[in-house]
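Here is a short tour to read alongside the model. Please keep the sequence and the 3D view at hand.

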Amino acid sequence: MSVATSRERVLDALEHREPDRVPVDFGGHRSSGIAAMAYPKLRAALGLAPRVVRVYDPIQQLAIIDDAVLERVGVDT
């Protein structure tokens, strides 16, 4: 099986075709993010240096996800 692009993978899933792997949505929309309190722990678990957590929604306390995390997790959205 060949490796699909993120776009192909998401379209396959939306069109009920089996993608090469399950598409990953992490931060593709503000509601699919991560709590600001958990974000430093995720960065540490991924072996990334600590950074100041940027919050875009003070009510929900959701972090802005850095590109390094998105790349490490392999997001499709």
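## A buried arginine

Let's begin with R9, which counts as buried because its relative accessibility is 4%, where buried means under 20% relative accessible area, exposed over 50% and partly exposed in between (1.4 Å probe, protein chains only). R9 sits in helix α1 (residues 6-14); helices (H or I, at least four residues) and strands (E, at least two) are DSSP runs, numbered from the N terminus. Leaving out neighbours within four places in sequence, R9 has contacts (heavy atoms within 4.5 Å) with V3, A4, P19, D20, R21, V22, P23 and D76.

## An exposed isoleucine

I59 lies in the loop between β1 and β2 (62-63). I59 counts as exposed because its relative accessibility is 78%. Between I59 and V22 there are 31 Å in space, C-alpha to C-alpha, and 37 residues in sequence.

## The nonpolar core

The largest nonpolar core has nine residues: F26, I34, A36, Y39, L48, A63, I65, V69 and V75. Such a core is a set of buried Ala, Val, Leu, Ile, Met, Phe, Trp, Tyr and Cys residues joined through side-chain atoms within 4.5 Å. Not counting residues up to four places away in sequence, I65 touches F26, G27, G33, I34, Y39 and L70.

## Confidence and conventions

This is a predicted model: local features need pLDDT of at least 70, side-chain atom pairs count only at pLDDT 80 or more, and totals for chains, interfaces and linings use all residues. Residues are numbered from 1 along each chain as its sequence is written, and side-chain values use heavy atoms, with hydrogens and water left out.

The average pLDDT (the predictor's confidence in each residue, from 0 to 100) is 93 for the chain, and 99% of the residues score at least 70. Confidence is highest in helix α2 (residues 39-45), at a mean of 98, and lowest in strand β1 (residues 55-57), at 89.
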